[in-house]
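Please look over the sequence and the structure before reading on.

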Amino acid sequence: METEQLPIKVLFVCLGNICRSPTAHGVFFARVDAAELIDQVVVDSAGTAAYHLGKAPDHRTQAEAAARGYDLSGLRARQVTMADFSEFDYVLAMDNQNLQDLRAMWVANDRQGPEPQLFLRYGTDPEVRDVPDPYYGGPAGFAQVLDLCEQGTSGLLAHIQRRLKASDGAGQT
Ligand code: 4NP
């Protein structure tokens, strides 16, 4: 097996980069930190749209995250770029519309870099593919975003830990 190129870089992408992808970013980073893998895994997030560039996550997102022990206050919104496909190993879309938008960029870029995937392919319920956009809804939507991000990041971390372990084993003689 090929030795792993470290660090493994993960980018979460939603529409505005102020609700769903910063939540996944903060939750996954906390899990990576707890697993003592911050030297081996880089985490970032971005939006397909430029509506909220430079802004901190939505106050409702920050409040729901803080209630569960995640501090998202240092994150700032940015837009996804073609260069992200050269930089990251995983480009993970929060919903199917984000996936279509990312796929169009990837195809326009001659399919260079990782093919975008749905984040919730790493989730616990194969029927649930999208993290629904909570922006125009009530508080339950923000709690659901946290629930789904916690579920998806557990599966994603387990997947990455398997990759790291396989590559570690491959390095031994
Ligand atoms: P996000 O949520 O994509 O999860 O960051 C949204 C944020 C802002 C808007 C839509 C969705 N907006 O229309 O401004």
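## The ligand and its surroundings

A polar backbone atom of G16 lies 2.8 Å from an oxygen atom of the ligand. Such a pair falls under the term polar contact, a pair of N or O atoms within 3.5 Å; within protein, one atom must be able to donate a hydrogen and the other to accept it, and residues adjacent in sequence count only if both atoms are side-chain atoms.

The model is a predicted one, in which local features need pLDDT of at least 70 and side-chain atom pairs count only at pLDDT 80 or more, while totals for chains, interfaces and linings use all residues. Residues are numbered from 1 along each chain as its sequence is written, and side-chain values use heavy atoms, with hydrogens and water left out.

## The shell and the pocket

Which residues are around the ligand? They are C14, L15, G16, N17, I18, C19, R20, Y51, H52, D133, Y135 and Y136, where a residue is near a molecule or strand if one of its heavy atoms lies within 4 Å of it. This shell divides into seven nonpolar, three polar and two charged residues. In that division Ala, Val, Leu, Ile, Met, Phe, Trp, Tyr, Cys and Pro count as nonpolar, Asp, Glu, Lys and Arg as charged, and the others, Gly among them, as polar.

The largest pocket is where the ligand sits. A pocket is found on a 1 Å grid over the protein atoms alone, as an open set of points where a 1.4 Å probe fits, with protein on both sides within 12 Å along at least five of seven lines. A molecule sits in a pocket if more than half of its atoms lie within 2 Å of the grid points of that pocket.

## Backbone features

Most residues other than glycine have a negative phi, and most peptide bonds are trans. Against this background, L6 and P7 are joined by a cis peptide bond, with omega about -5 degrees. P7 belongs to the segment before β1 (8–14); helices (H or I, at least four residues) and strands (E, at least two) are DSSP runs, numbered from the N terminus.

N17 has a positive phi, near 60 degrees, without being a glycine. Its place is the loop between β1 and α1 (20–34), and N17 is buried at a relative accessible area of 2%. Buried means under 20% relative accessible area, exposed over 50%, and partly exposed in between, with a 1.4 Å probe and protein chains only. R111, which is not a glycine, likewise has a positive phi, of about 55 degrees. This residue is in the loop between α4 (96–108) and β4 (117–118) and is partly exposed, at 47% relative accessibility.

## The ends of helix α2

D58 is located in the loop between β2 (41–47) and α2 (59–67) and is buried, with a relative accessible area of 10%. D58 caps the N-terminal end of α2, where a side-chain oxygen lies 2.8 Å from the backbone nitrogen of R60. After α2 comes G69, whose phi is positive, near 90 degrees.

## Loop residues and distances

T124 occupies the loop between β4 and α5 (139–171) and is exposed, with a relative accessible area of 60%. The side chain of T124 makes a polar contact with the side chain of Q151, at 3.2 Å. T124 and L148 are 24 residues apart in sequence, and their C-alpha atoms are 8.8 Å apart.

D89 is in the loop between α3 (84–87) and β3 (90–93) and is partly exposed, with a relative accessible area of 32%. From D89 to G113, 24 residues apart along the chain, the C-alpha separation is 7.4 Å.

Note on methods
On a 1 Å grid over the protein atoms alone, a cavity is a set of points where a 1.4 Å probe fits but cannot get out, and a pocket is an open set with protein on both sides within 12 Å along at least five of seven lines; lining residues have an atom within 4 Å of a point.
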